[in-house]
Number of protein chains: 2
Amino acid sequence: MALKAIRSGVRNETGIVEAIAALKARFGERLQTGQAIRAQHAHTTTYIPAQLPDGVVFPENSAEVQAIVGIARENGVPLIPFGTGSSLEGHVNAPHGGISLDMSRMNRVLSVNESDLDCTVEPGITREDLNRDLRATGLFFPIDPGANASIGGMASTRASGTNAVRYGTMRENVLAVTAVIADGREIRTAHRARKSSAGYDLTRLFVGAEGTLGVLTSVTLRLHGIPETIAGGVCAFPDVGAACNAVILTIQSGIPVARIELLDETQVKASNAYSGLHLPEMPTLFVEFHGSPESVALQSSAFAEIVEAFGGGAFSWTSNADERAVLWKARHDAYWAQKALRPDFAMLSTDVCVPISRFADCVEATREDIRENGLIAPIVGHAGDGNFHVGLLFDDKDPAFVDRAEAFVERLNARALAMDGTCTGEHGIGQGKMPFLEAELGDALDLMRQVKLAIDPTGIFNPGKIFTR
Amino acid sequence: MALKAIRSGVRNETGIVEAIAALKARFGERLQTGQAIRAQHAHTTTYIPAQLPDGVVFPENSAEVQAIVGIARENGVPLIPFGTGSSLEGHVNAPHGGISLDMSRMNRVLSVNESDLDCTVEPGITREDLNRDLRATGLFFPIDPGANASIGGMASTRASGTNAVRYGTMRENVLAVTAVIADGREIRTAHRARKSSAGYDLTRLFVGAEGTLGVLTSVTLRLHGIPETIAGGVCAFPDVGAACNAVILTIQSGIPVARIELLDETQVKASNAYSGLHLPEMPTLFVEFHGSPESVALQSSAFAEIVEAFGGGAFSWTSNADERAVLWKARHDAYWAQKALRPDFAMLSTDVCVPISRFADCVEATREDIRENGLIAPIVGHAGDGNFHVGLLFDDKDPAFVDRAEAFVERLNARALAMDGTCTGEHGIGQGKMPFLEAELGDALDLMRQVKLAIDPTGIFNPGKIFTR
């Protein structure tokens with residue numbers, strides 16, 4: 001299982017010392033080796049123990065990234081690209097040591113093409129900063145994984161989140177990237193046309209590669225018009241199955257819901273306490289509709305009919321921005337609300353995703369598992385995509401409890417795979433999901449390995465992630 | 001330029017003889033070597049001279065594909081996967097000889113998951129057969145490149161067509177594939193969840209790979225609900241610029257138009273003659289809206305306002321299925337209508353795609369080029385994607401005319417690339433676009449080569465395509 005499978009790795013001590021010296025000479029104070037900053041660059045919201053890099057470097061442009069890649073390559077030292085550290089599966093750990101490449105100073109908006117609904121940004125910009133920057137254009141970048149992640153990190157984990165049911169994931173919303181590859185060249189994967197049949201889809205190869213194929217230096221994103229009307233609402237259901245089935249029918253009916261989030265009663269309880277909501281402690285859907293006033297009204301009434309059919313409570317919606325903000329702030333804070341249920345415990349936040357028809361089955365079987373094993377584990381999900389998260393609270397100082405937590409995660413993943421689902425809908429593989437990826441893809445994983453070896457022959461880019469061997 | 005750049009290739013004569021013998025022993029009459037059938041498997045609607053395979057084999061299941069791949073690998077002989085032969089850029093030619101793998105007997109629907117809006121099919125099924133099969137479910141597969149192509153071929157060229165502006169391309173609508181790779185294993189690239197962050201995006205790697213990485217044995221597709229209402233219409237504009245600008249504003253306004261096709265006046269003339277239409281010989285848009293009756297009415301009236309703003313003629317729309325069918329039959333026959341303008345000439349059908357804001361500029365500059373050079377070359381385009389086709393009629397027996405045709409294509413591609421566009425929006429690279437791919441992607445092409453070498457180390461899969469070296 002994940003926690004145990006993470007190898008300590010073999011450190012290239014000489015190379016590391018020489019790389020640090022070369023980086024120090026070139027970058028001065030922009031190469032940091034203090035314990036605190038190194039710990040901060042391995043620390044994420046993950047349950048996986050931190051493995052610190054040996055240094056952290058802060059490049060400011062592509063040429064500097066190229067220089068860093070050159071130093072790493074010459075000395076055979078790992079490079080771990082770092083965005084904001086909101087990863088949940090140990091992506092930014094340094095199991096073999098090496099250099100964390102903090103991209104936060106490469107955070108400029110390079111161009112906005114309003115008339116083409118696209119923009120090109122440096123990878124270190126966060127999604128909230130980007131949207132602040134875009135506000136005057138009437139456009140926005142919809143992908144919203146909850147955390148204020150960096151665009152480079154989101155591209156690298158193929159992030160999605162609440163809006164994906166309507167706007168797609170990073171897979172659909174990255175038009176092109178530039179990246180510095182192992183030999184130091186900066187390549188561009190595509191031009192700005194909305195579609196292309198020009199050879200292999202290198203853009204999609206870098207999206208989701210978790211920094212294992214090169215260092216992103218820019219990302220070209222598809223933008224969307226800020227909807228004329230946004231309306232949202234909340235609705236409680238008698239049981240989780242009813243809530244899930246309402247979601248399934250909403251998707252099958254083709255209602256273009258922008259967000260449709262499931263919170264089970266444990267999550268509602270946690271969010272009431274943490275975010276000061278006053279929702280009934282019942283399985284609940286948070287929904288949002290985008291469009292013209294007429295279209296939003298049509299969507300809302302079609303949805304209300306479905307809610308009624310599944311015995312949901314009165315569904316009321318509002319286009320009042322402040323009321324919606326409270327709701328979505330609470331949704332974004334779900335992670336912290338979960339943690340606050342047992343501040344003395346560690347939390348293992350994990351996700352799986354199944355075909356929508358199996359969503360109710362998978363959530364219900366998982367809740368049964370939680371009950372049977374006496375675990376505290378709220379469930380919150382991007383229901384419209386068949387994707388849900390479990391925030392498992394466990395005592396990481398009690399080895400027996402750790403075993404129980406790991407066994408639960410194994411069962412969860414096996415359950416999702418048996419339903420033709422995936423071991424991760426949006427968190428990525430990192431270190432935590434490595435064994436499940438093997439179970440999911442079998443021989444296809446060899447193809448990924450071949451691609452990795454071909455593009456990064458010396459293995460300097462984020463080693464010890466995705467692949468167990 | 002393309003026509004001249006295609007190398008004759010080096011044939012492995014011994015290997016070919018031995019592979020043919022082994023295939024004959026295994027497949028009997030399902031291995032054909034007659035001239036006519038070989039010519040038919042190199043002949044496509046391309047302008048590129050045919051290069052015949054040495055034999056054509058008709059597998060009926062994955063195990064047979066695995067056996068064929070084994071024979072090809074052991075004898076070092078090229079394998080060229082063949083769908084329906086509707087390729088436009090020489091994808092099914094055999095520049096080094098080898099075996100054409102005709103997938104037409106692998107044309108079953110393996111499963112339809114109505115509740116998940118997906119299905120899995122064998123690659124040889126055509127899109128029309130698939131949609132006929134799906135009719136009772138209320139679902140359809142929207143991707144429509146015009147020709148009744150096979151799903152495997154469409155996946156392999158990342159096809160799109162008229163509906164892509166609303167439903168996306170094969171990139172967005174293939175959920176997973178199975179493929180037989182060079183070592184003979186059959187791999188599956190993904191499970192059926194709507195989204196996944198589980199490692200490299202192998203699905204998107206095979207989509208658009210043009211059969212150069214393996215042989216597809218199944219394709220899992222995203223399906224869509226047949227819209228409650230479909231309404232379409234035709235609208236003439238005073239000039240091409242006005243028509244293009246109406247398209248640009250439609251897209252920028254976020255009107256979810258399902259189809260928006262530009263025909264320039266030469267194309268309208270050709271389609272009037274070939275398809276018995278009676279349209280004014282002016283630049284024209286064919287449009288279609290999908291949705292509820294209310295939503296279609298909203299879309300249509302929003303579009304009508306835009307048409308008026310750009311001086312378009314009266315825009316009338318109809319939801320009468322027969323009237324729409326006449327229109328779209330004519331649109332699908334555009335290729336044949338173009339050819340009929342000069343039956344004594346050859347036709348070079350090519351496509352480029354630019355960011356939507358440059359669509360008017362690119363089309364107008366191309367028309368100016370056509371006029372200046374006294375060429376006959378109707379333009380028809382998937383305008384909403386910034387994608388257009390030129391059907392250049394030329395005398396392939398006159399070397400000077402061939403040179404003029406090639407020089408025109410070079411300028412067309414250079415123009416699209418200079419506008420941050422791509423040398424092919426949907427036809428693929430094949431043989432015809434190889435030099436332009438290099439111009440488009442530069443060093444990134446090396447990454448594609450590395451991937452190709454890693455996955456197909458002996459180069460048996462469709463050699464002489466995509467890569468000039």
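The questions and answers below concern a predicted model.

Trainee: What is the mean pLDDT of chain A, and over which residues is the pLDDT below 50?

Mentor: In chain A, 98% of the residues reach a pLDDT of 70 or more, and the mean is 94. There is a stretch of chain A with pLDDT below 50, which has 25 contacts in the model beyond near neighbours in sequence.

Trainee: By what turn can chain A be laid on chain B, and how are the two copies related?

Mentor: Two copies of a chain are related by a rotation about an axis and a shift along it. Here chain A is laid on chain B with an RMSD of 0.0 Å, by a shift of 0.0 Å along the axis and a turn of 180°. The copies are therefore related as by a two-fold rotation axis. The same surface serves both copies, with the contact residues of chain A recurring in chain B to the extent of 100%.

Trainee: Which residues touch the most other members of the largest nonpolar core?

Mentor: That core has 208 residues. In chain B, one residue touches, among others, B:Phe141, B:Ile143, B:Ile151, B:Met154, B:Val207 and B:Leu221, and that residue is B:Met170. The residues that touch the most other members are A:Met170 and B:Met170.

Trainee: Where do the buried residues of helix α5 of chain B lie, and which are they?

Mentor: Seen down the axis of α5(B), the buried residues fall within an arc of 95°, so they line one face of the helix. They pack against several elements of chain B, including β5, β6, β10 and α13. The buried residues themselves are B:Arg127, B:Leu130, B:Asn131 and B:Leu134.

Trainee: How many residues stand between β5(B) and β6(B) in their hairpin, and which residue in the turn has a positive phi?

Mentor: The two strands run antiparallel and are joined by 4 bridges, with B:Thr120 as the bridge partner of B:Ser111. The hairpin has 4 residues between its strands. B:Leu117 counts as buried because its relative accessibility is 14%. The residue in the turn with a positive phi, about 55°, is B:Leu117.

Trainee: Which residue of β10(B) stands opposite B:Asp118?

Mentor: In β6(B), B:Asp118 and B:Thr120 point one way while B:Cys119 and B:Val121 point the other way, and all are buried. β6(B) also pairs with β10(B), in the antiparallel sense and over 4 bridges. The residue opposite B:Asp118 is B:Arg222.

Trainee: Is B:Thr157 buried or exposed, and which residue of chain A is in contact with it?

Mentor: B:Thr157 is placed in the loop between α6 and α7 of chain B. Its relative accessibility is 15%, and the cut-off for a buried residue is under 20%, so B:Thr157 counts as buried. Beyond its neighbours within four places in sequence, its contacts include B:His91, B:Glu426 and B:His427, and from chain A, A:Ser197.

Trainee: What is the phi of B:Asp420, a residue other than glycine?

Mentor: B:Asp420 lies in the loop between α16 and α17 of chain B. With a relative accessible area of 17%, B:Asp420 is buried. Its phi is positive, near 65°.

How values were computed:
Residues numbered from 1 in each chain as written. Chains lettered and ligands numbered in written order. Predicted model: local features only at pLDDT ≥ 70, side-chain atom pairs only at ≥ 80, totals over all residues. Heavy atoms only, no water. Core = buried A, V, L, I, M, F, W, Y, C linked by side-chain atoms within 4.5 Å. Buried < 20%, exposed > 50% of the residue type's maximum accessible area, 1.4 Å probe, protein only. Contact = heavy atoms within 4.5 Å. Least-squares fit on C-alpha atoms with pLDDT ≥ 70 in both. Arc of directions from axis to C-beta. pLDDT = per-residue confidence, 0-100. Pairing = 2+ DSSP bridges.
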